[in-house]
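Reader: Could you take me through this structure step by step, so that I can see how each conclusion is reached?

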Amino acid sequence: MKKLALGVVAALALAAPAQAQTKYPERPITMIVPFAAGGPTDVIARIVGENMSKTLGQQVVVENVAGAGGTTGITRALTSAPDGYTIAMGHLGTFSAAPATYPGLKYDPINGMQAIGLAGGTPILIVAKKDLAPKDLKEFVALVKANPDKLNEAHAGVGSVSWTTCTLLKGQLGVPKLNSVAYRGTGPALNDLVSGQIDFMCDQIVSVSEQVKAGTIKAYAIASAERSPALPNVPTTKEAGLPEYQIEAWNGIAAPKGTPKEVVDKLVDALDKALDDETVKKRLLDLGTVIPTAEERKPAGFAALIKRDADKLSPVLSAAPK
Amino acid sequence: MHDMIANLGLGFSVALGLQNIALAFVGCLVGTLIGVLPGVGPVATIAMLLPITFGLDPVGALIMLAGIYYGAQYGGSTTAILVNIPGEATAVVTTLDGHQMAKQGRAGVALGTAAIGSFVAGCFATLIIAALGAPLTKLALLFGPAEYFSLMVMGLCFAVVLARGSILKAFCMIMLGLLLSTIGTDLETGQERMTFGFPPLADGIDFAVLAMGVFGFAEVLRNLENPEARDVVKAKIGRLLPSWEDIKQSTAPCLRGTFIGGVLGILPGNGAVLGPFASYTLEKKIAKDPSRFGKGAIEGVAGPESANNAGAQTAFIPLLTLGIPPNAVMALMVGAMTIHGIIPGPQVMTKNPELFWGMIASMWIGNLMLLIINLPLVGVWVKLLQVPYRLMFPAILIFCSIGIYSVNNQPVDVAFTALFGLFGYLLIKLGFEPAPMLLGFVLGKLMEEKLRQALIISRGSFMTFIERPISAGLLVVAVAILVIALLPSMAKKRDEVFTE
């Protein structure tokens, strides 16, 4: 009897790895969000993750591991076992900007990571306090270039999306040293923009759209290829005369390097299905998110996007006064 | 006025739906239960429980989250009173007299006072928000970095002036707290400071880690010295509910606390932190016999607890009327709203009146629930104190560790808490009070941040603090407090805020 039991155990033990390959996933998947619960990345991860659970037949559990501009959580996800049970939802900052921002970074988003796919693109807006003189982007650019020492720009801390995108803007306008004021998060920065303590900032559409609609702040342009249905009156940077300023605060999923292909395929498929789901789409669109194209949802397309933005940001960020 | 009643009518019609009442109840209950885990304050509790609200409609979800928030806030006070562990910054003050009351067998009275004080504060705060929410928004916008810095300076002056006996020791502890708060990544430059290249320090020290260590762990260590003289609560339990005399004594502090906490709660950048502290200072200053404070004075529980709850509620004003979260909890609420497709902004009140007024009505209902849930629970909590020490100590340590771990999912946080526990034990042995250190720690981060923001905006001119009228006014008050304290006649009457 004992021998039989041992035999069964041994057989099961031998069978287990093979099964793990074919029957992935057979236990819940942890999706690490490297920011606090409730932030833009967390919201997207939960909306998409909930639907991916249905396709995968296993719960996708969001775990918030915040710290060091998101690099703590991404490091943990990318150094875990490449079995598809720990994946991460990162963003522009953690995947494209981090190597230039954090010199001691312990992961390599370009060569040391398995990209899964893009989950959503979040447009960036250039917004200003409501009584700042310039009426449009051209006047604003002229003002910034003429008075780089008189204006104040706000951001949510070095490494944040608002810092990254605004540093790019200042780099492109040739005023890298323009006064910047750091806040602990977008909320406090927005508070001081509404009350007129600071002059302008760059931030994700979801944080600022309602303020723009209410007229408590004004938006000069949206740094995407197309206008957003959430703010149809705000021109694109191309329309408004600053075509080179193109940047989105996208969110996307990645897994550790070496994750088996069939596991990657299943995750890609689940993400793809989630982004085609009407409820998911509607909720993402409500946030002002752009639904990724078929190409961007695939590992190759996503990896290309990471590389493209890293190439765009690295020279500016490395040179940025910190 | 008529509008307000009509609006509140709408709100109550939403909040009094059977489902929403049930959600408020469940929220308050779950919030209370998780919130009593030492170290798990409202932020951690809401972050943990946020996902369970996803299946609900937006109003129901927010009502439940608000319930969780009040419940967790109250749960933090429970651990502060029973085991001397503040769940979050605002509960630090409650440890001072609340835990002393527990030691004297008046744990039930302290818990009851906290619950009733919170309820009274909640009722008033609800009315304030309903009547004056929109106009009060302007107050939040009047406070820029310079004003906020001056407010913090005033807060620190209270601490120095009112510190016990050795003003030097209190001063040292405040400074130590300030220094500890500077550990981590520099906000303006992104450079790491005093982290010794150790990655877990890059985000600085978490409040819960420090508080749990110097209060919770250190307390256990100290009690191990002589297990017989058990400190938590001796066998006697005493009354479970406040007597008529207790209630009479707490009424005025409770109302003053509500006012102070309510005003500070509206300010951006977590002004509510100062509420309980300012209330305690005031109560002690105007008391006939200030020496009672720190030895179980009921006013020292009633005032700060009311201030705490009033501030917790008025903190909703900037969120609901401006769409801007003033603190971490409200930032989570923003997340909850966006997940449900409501993007907070200045127009929530007009675009989603049923949500806006439903939330406000549910605040009152939530506070009532809290009272209903907590008064019977008082007996349960107090009984817990009779658990023998050999079971109690490991349990406190285990729950502290679970709580700490669950905040950031970082094992290293637990190790840090243990280190601070040893440090806290050393402080107790040397006669240093940990409370001023925690105050310095909490205010330090904000002060530095606001100081630098103000100076960047003013291009390095310190005159900005004097040129701006509100900032100048706050600084004048701060100086006045210091001068009064330094006058010899007043110095004799100086007594400490922080007494254990």
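This is a predicted model: local features need pLDDT of at least 70, side-chain atom pairs count only at pLDDT 80 or more; totals for chains, interfaces and linings use all residues.

Reader: Which word describes the direction of α10(B) relative to α12(B), and which hand does the crossing have?

Author: The angle between the two helices is about 30°, and angles under 35 degrees count as roughly parallel. That makes α10(B) roughly parallel to α12(B). As for the hand, the crossing of α10(B) and α12(B) is right-handed.

Reader: How many nonpolar, polar and charged residues are in the contact of α10(B) with α12(B)?

Author: Here the residues of the contact between α10(B) and α12(B) are sorted by class.

Reader: What radius of gyration does chain B have, and what would a compact globule with 500 residues have?

Author: Chain B is built with 22 helices and 2 strands, and its C-alpha atoms fill a box of roughly 60 × 60 × 50 Å along the principal axes. With 500 residues, a compact globule would have a radius of gyration near 23 Å, and the value for chain B agrees with this, being 22 Å.

Reader: What percentage of the residues of chain A is buried?

Author: Chain A contains 12 helices and 10 strands, and its C-alpha trace spans about 85 × 40 × 30 Å along the principal axes. Its radius of gyration is 22 Å, which agrees with the value near 20 Å that a compact globule with 322 residues would have. Of those 322 residues, the buried ones make up 56%.

Reader: Where the two chains touch, which element of chain B gives the largest share of residues?

Author: The contact takes 40 residues from chain B and 42 residues from chain A. On the side of chain B that touches chain A, the elements giving two or more residues are α14 (328–339) and α19 (434–457) of chain B. By class, this side of chain B divides into 22 nonpolar, 15 polar and 3 charged residues. The largest share, 7 residues, comes from α14(B).

Reader: Is A:Y245 buried or exposed?

Author: A:Y245 lies in the loop between α9 (237–240) and β10 (251–256) of chain A, and, leaving aside residues up to four places away in sequence, it touches A:L169, A:Q172, A:A223 and A:T237. A residue is buried if 20 or more other C-beta atoms lie within 10 Å of its own. Because A:Y245 has 22 C-beta neighbours inside 10 Å, it counts as buried.

Reader: B:N84 and B:R459 both have a positive phi; which of them counts as buried, and which as exposed?

Author: Most residues other than glycine have a negative phi, whereas B:N84 has a phi of about 65° and B:R459 has one of about 55°. B:N84 lies in the loop between α4 (58–83) and α5 (92–103) of chain B, while B:R459 lies in the loop between α19 and α20 (464–467) of chain B. With 11 C-beta neighbours inside 10 Å, B:R459 counts as exposed. With 26 such neighbours, the residue that counts as buried is B:N84.

Reader: Which two residues does a cis peptide bond join in chain A, and what is omega there?

Author: Most peptide bonds are trans. A:P25, which lies in the loop between α1 (2–22) and β1 (29–33) of chain A, takes part in a cis bond. The bond joins A:Y24 and A:P25, and omega is about -5°.

How values were computed:
Residues are numbered from 1 along each chain as its sequence is written. Chains are lettered from A and ligands numbered from 1 in the order in which they are written. Axes are lines fitted to C-alpha atoms, for helices over the stretch in contact, and angles run from 0 to 180 degrees between N-to-C directions. Helices (H or I, at least four residues) and strands (E, at least two) are DSSP runs, numbered from the N terminus. Angles under 35 degrees count as roughly parallel, over 145 as roughly antiparallel, 65 to 115 as roughly perpendicular and the rest as oblique. A crossing is left-handed if the near helix is turned anticlockwise from the far one by less than a right angle, and right-handed if clockwise. Ala, Val, Leu, Ile, Met, Phe, Trp, Tyr, Cys and Pro count as nonpolar, Asp, Glu, Lys and Arg as charged, and the others, Gly among them, as polar. The radius of gyration is taken over C-alpha atoms; the globule rule is 2.2 Å times the number of residues to the power 0.38. A residue is buried if 20 or more other C-beta atoms lie within 10 Å of its own, exposed if 12 or fewer, and partly exposed in between; C-beta atoms are placed from the backbone. Two residues are in contact if their C-beta atoms, placed from the backbone, lie within 7 Å.
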